[in-house]
Amino acid sequence: MGPLSPTRTMRLWGPRSLGVALGVFMTIGFALQLWGGPFQRRLPGLQLRQSWASTLGPAVPSCLPRQRLVFLKTHKSGSSSVLSLLHRYGDRHGLRFALPARYQFGYPKLFQASRVKGYRPQGGGTQSPFHILCHHMRFNLKEVLQVMPSDSFFFSIVRDPAALARSAFSYYKSTSSAFRKSPSLAAFLDNPRAFYQPGARGDHYARNLLWFDFGLPFPPEMRTKRGNPHPPRDPNPPQLPSGVGLRAHTLDPNALFHPVPTVADGHSRTSSSASLDLRSSSFIQWNLAWLDSVFDLVLVAEYFDESLVLLADALCWGLDDVVGFMHNAQAGGGQGGSAVGDGGLTAEDRQLSARARAWNNLDWALYVHFNRSLWARIKQYGQSRLDSAVAELRARREALAKHCLVGGEALDPKYITDRRFRPFQFGSGKVLGYVLQSGLSLQDQEECERLAIPELQYKDKLDAKQFPPTVSVPLKTSRLPSP
């Protein structure tokens, strides 16, 4: 999808058929980025930095590492683990992060460039460039491009709405009014309209959370009656030219940086089946095509390690750059790691999953779309090649865990006495964290700390590094003579 070398400056696009239900949209060339050259290079040298581990020997990469990155951190999708990788990589390489004043960019409001700490509008004086934008926000491309260059690598992560609903209900029970009023997730999904009110405080967590995080517009029947956060439809929507990526044509800050909702009559009923035919709705297809034109890669939580290998390859990073530990995982839960499938579930759990996907029908459409695109990319990459890289990644993660961590795994927060490594506790479930082994060398201690530190503490560390506190030195004054 994205550029694979510094000399590749143009994106290749091809037409995509959207099916007969799209009507006039059949003539629009919805952009699908062609990944191009997947067999031209392998992962660069897989060199572990720790003295205690073996290496596979150096290799000369045929590309330069990508270091201008925009990561849309979606909720309850394993995104904290990806954020940890970005924190560690940027910290090690001295990259500059676009940081929020606190921990989120005004979420759930749409992202605004003015919320980036140290940001100055164009023409407002010299400003050091930002390399990485990666903390929680509701995506807003026009404002993002005020902060990051348009040739940045855009990526995100999605999760099966059934698994996401289970995690969100536990985590946001006290935040979402719909979840708070419901005695259980099963009761909520059995009759969601008895609890859910569009526009109620925190209820964006209760339905189509991924769609919301991507900043996409909702169909009229799903929009809030008050305080509608969605922008009005443009009376003169731009056409998406055949064979051309949208992002290449939206560098003018006065241009439209948002997908245009085009609702077909009778579509997107709230009781729509989880087996949603993606060709039946021009509204959904337009938005998915817009996302294709913006994002270079979308990871899938259920295939987390496979996604990391593809990410390392797309960024021309070493495999060690994407080896890390899971973060913000709840006890008894987990984030990703298991493929979508209801074969091992009880009949009751399968019914719950089906209801969750039907209620979150926009998220399910989005998930199915990016799951398909991931596997198309895997096919281009090569299955056997991928299997080998995934096995190597897991072996290295296990070696790092045994070397760095007490018990070699995540622990209940009651065992974590060092505040630097104690994760923020929120929701009804316990958020697991890590305790470092004693007796590590200084070099290993530093690297293990980077792997284990939770996201909030790491953000504070980066903040202090980029914006060191100024120490005011009192002025020396002459001693006044005694009266």
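Leaving aside neighbours within four places in sequence, which residues is Pro 454 in contact with? I went to the model to look this up, and started with the ground rules.

**Ground rules**

I am working with a predicted model, where local features need pLDDT of at least 70, side-chain atom pairs count only at pLDDT 80 or more, and totals for chains, interfaces and linings use all residues. Numbering runs from 1 along each chain as its sequence is written, and side-chain values use heavy atoms, with hydrogens and water left out.

**Pro 454**

I found Pro 454 in the loop between α12 (442-452) and α13 (455-466). Helices here are DSSP runs of H or I with at least four residues, strands are runs of E with at least two, and both are numbered from the N terminus. Pro 454 is in contact with His 327, Arg 420, Phe 421, Arg 422 and Pro 423, once its neighbours within four places are set aside. Contact means heavy atoms within 4.5 Å. I also checked Pro 423: its C-alpha is 5.5 Å from that of Pro 454, though the two are 31 residues apart along the chain. I noted Pro 454 as buried because its relative accessibility is 8%. The scale is under 20% relative accessible area for buried, over 50% for exposed and partly exposed in between, using a 1.4 Å probe and protein chains only.

**Whole protein**

I noted 13 helices and seven strands. Of the 483 residues, 55% count as buried. For contacts between residues at least 6 apart in sequence, 77% join residues at least 24 apart.

**The sheet**

Next I traced an open sheet of five strands, in the order β4-β5-β3-β6-β7, with parallel pairing. β4 (97-98) and β7 are at the edges with a single partner strand each, so one side of each has no neighbour in the sheet. Two strands count as paired if DSSP finds at least two bridges between them.

I then went through the pairs. β3 (residues 69-72) and β5 (residues 132-133) are joined by two bridges, with Leu 69 partnered by Ile 132. Between β3 and β6 I have four bridges, and Val 70 has Phe 154 as its bridge partner in β6. Four bridges also join β6 (residues 153-158) to β7; here Phe 155 stands opposite Leu 297 and Ile 157 opposite Leu 299.

How many residues of β6 are buried? Six of the six are, so β6 is largely enclosed by the rest of the structure. Phe 153, Phe 155 and Ile 157 point one way, while Phe 154, Ser 156 and Val 158 point the other. β7 (residues 297-300) is covered on both faces too, with Leu 297 and Leu 299 buried on one side and Val 298 and Val 300 on the other.

**Helices**

I looked at α1 (residues 79-92) and found 13 of its 14 residues buried. Just after α1, Gly 94 has a positive phi of about 65°.

Last, I checked α8 (residues 304-315) against α10 (residues 361-381): their axes come within 11 Å and cross at roughly 65°. Axes are lines fitted to C-alpha atoms, for helices over the stretch in contact, with angles from 0 to 180 degrees between N-to-C directions. In α8, Glu 306, Ser 307, Val 309, Leu 310, Asp 313 and Ala 314 meet Leu 374, Arg 377, Ile 378 and Tyr 381 in α10.
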